[in-house]
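This report covers the disulfides of the chain shown below. It takes the count and pattern, then each link in turn.

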Amino acid sequence: MASSSPSWLLIAPFIYFTIPITTEAQAPQAMATTLLCLSLLLLAFSSAESQSFIGVNYGQVADNLPPPEATAKLLQTTTIGKVRLYGADPAIIKALANSGIGIVLGAGNGDIPSLASDPNSAAQWVKTNVQPFYPSSNITLISVGNEVMTSGDQGLISQLLPAMQNIQNALNSAGLGGGKIKVSTVHSMAVLTQSDPPSSGAFNPALRDTLKQMLAFHRDNKSPLTINPYPFFAYQSDPRPETLAFCLFQPNSGRVDSGNGKRYTNMFDAQVDAIHSALSGLGFEDVEIMVAETGWPSRGDSNEVGPSVENAKAYNGNLIAHLRSLVGTPLMPGKSVDTFIFALYDEDLKPGPTSERSFGLFRTDLTMTYDVSLTKTSQQTPTNPKAPVTPAPTKASGWCVPKAGVSDAQLQASLDYACGHGIDCGPIQPGGACFEPNTVASHATYAMNLYYQTQGKNPWNCDFSQTATLTSQNPSYNACTYPGGST
């Protein structure tokens with residue numbers, strides 16, 4: 001989104017299938033239950049603290065942004081742990097001092113030729129933009145250039161790695177190397193020419209030699225490969241309801257990777273794993289992946305498919321919940337990829353369609369555009385005294401159940417989705433307290449409610465592609481107990 005060309009990866013539809021709820025499908029149930037409990041326990045302790053794997057992009061292509069000091073105070077009311085800048089604005093870097101928030105600085109594409117050709121230029125860049133502020137300002141990474149490898153500018157491409165190396169050497173000389181501050185560059189997903197299925201992910205052969213040298217640099221310096229995956233653009237290229245559910249982390253029947261049999265339930269994981277496969281293909285599977293940008297616009301032009309507050313809230317809210325679960329991706333389980341959401345604010349001066357100016361999580365008056373559970377407290381506290389105080393929506397209460405008239409096929413998809421996301425579906429297995437009646441509707445009701453209760457009790461946790469609703473009527477029966485009620 002920082003460049004004029006869109007960054008996306010369209011993964012063609014995989015094979016769709018439905019998982020029957022059987023003992024084999026849920027095994028090993030005890031392990032899944034244990035992992036869920038551990039995840040929930042970790043969330044209970046971490047929900048009020050900044051989370052290092054959740055970051056935000058702080059773009060400045062606007063004429064109505066609040067002062068950096070106000071933004072710094074706003075960020076400290078959230079669980080956002082990192083901020084990515086597209087430059088090195090000293091006012092912002094100073095404002096974030098002593099906040100503990102990690103800061104990614106950017107050296108622009110226009111800086112690359114001088115940084116590559118003259119080590120003294122790189123040393124001066126570090127002396128000007130890093131040394132006066134570190135360590136009070138927690139600078140963690142310098143991103144040299146943005147989407148250079150897919151720019152088509154062969155001269156700039158050839159200069160990119162030397163510029164990165166000179167910045168790294170300048171950091172080392174200043175005593176800021178050795179893992180203190182790392183160096184990378186951001187890539188669009190167009191560095192891949194093969195992505196369907198994710199296990200077949202492969203880099204563009206024309207870029208492979210340069211990328212191998214760059215990946216060796218990352219390995220030597222333990223720095224991440226940074227990418228910009230946008231499921232939003234994938235949906236625009238394939239605007240079907242099932243694609244939207246897949247892109248928004250909503251219930252869907254899943255897509256199976258024909259290369260390794262792994263099942264994907266969302267586009268974000270598929271895109272990240274396609275990069276992982278490409279890294280593995282070159283022998284660099286140990287290089288860390290960082291998501292530099294991903295997001296969804298809340299507004300768009302009448303001819304744009306996908307932008308809406310509802311979809312933006314669903315994507316970003318479900319992405320955050322997915323990251324907090326620490327489930328990981330099918331190829332990289334058990335950890336969350338550091339992810340920077342685009343963006344902190346709308347940027348009213350950006351060219352292009354309305355969607356380009358409408359990715360902000362917050363308005364420039366410091367109120368939320370929509371709530372995705374990023375605030376540390378139950379009420380948002382704007383630092384602008386003129387801004388209205390917008391209470392965050394309270395957690396919903398009751399039980400999550402299917403709406404009337406929902407088909408068995410839709411219920412089965414919701415059932416598969418819920419049970420595939422770590423909840424304990426043992427009670428609806430044969431012999432379980434909730435197995436009878438042995439119907440899709442009964443089993444789906446139990447699973448959908450348990451998913452809602454364990455994922456934060458937010459309204460969007462009881463959406464299931466608009467097939468579910470909240471009720472105050474306890475659906476428990478006989479020995480089958482449904483967790484829920486008032487919170």
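## Count and pattern

A disulfide is taken here as a pair of cysteine sulfur atoms within 2.5 Å. By this rule there are three disulfides. With bonded cysteines counted along the chain, their pattern is 1-5, 2-3, 4-6.

The model is predicted: local features need pLDDT of at least 70, side-chain atom pairs count only at pLDDT 80 or more, and totals for chains, interfaces and linings use all residues. Residues are numbered from 1 along each chain as its sequence is written, and side-chain values use heavy atoms, with hydrogens and water left out.

## C400 and C462

The sulfur atoms of C400 and C462 are 2.1 Å apart. The link is right-handed, with 90 degrees about the S-S bond.

C400 is buried at 0% relative accessible area, and C462 is buried at 6%. Buried means under 20% relative accessible area, exposed over 50%, partly exposed in between (1.4 Å probe, protein chains only).

## C419 and C425

C419 is joined to C425 with an S to S distance of 1.9 Å. The torsion about this S-S bond is about -95 degrees, so the disulfide is left-handed. Both cysteines are buried.

## C434 and C480

The sulfur atoms of C434 and C480 are 1.9 Å apart. This link is right-handed, with 105 degrees about the S-S bond. C434 is buried at 3% relative accessibility, and C480 is buried at 1%.
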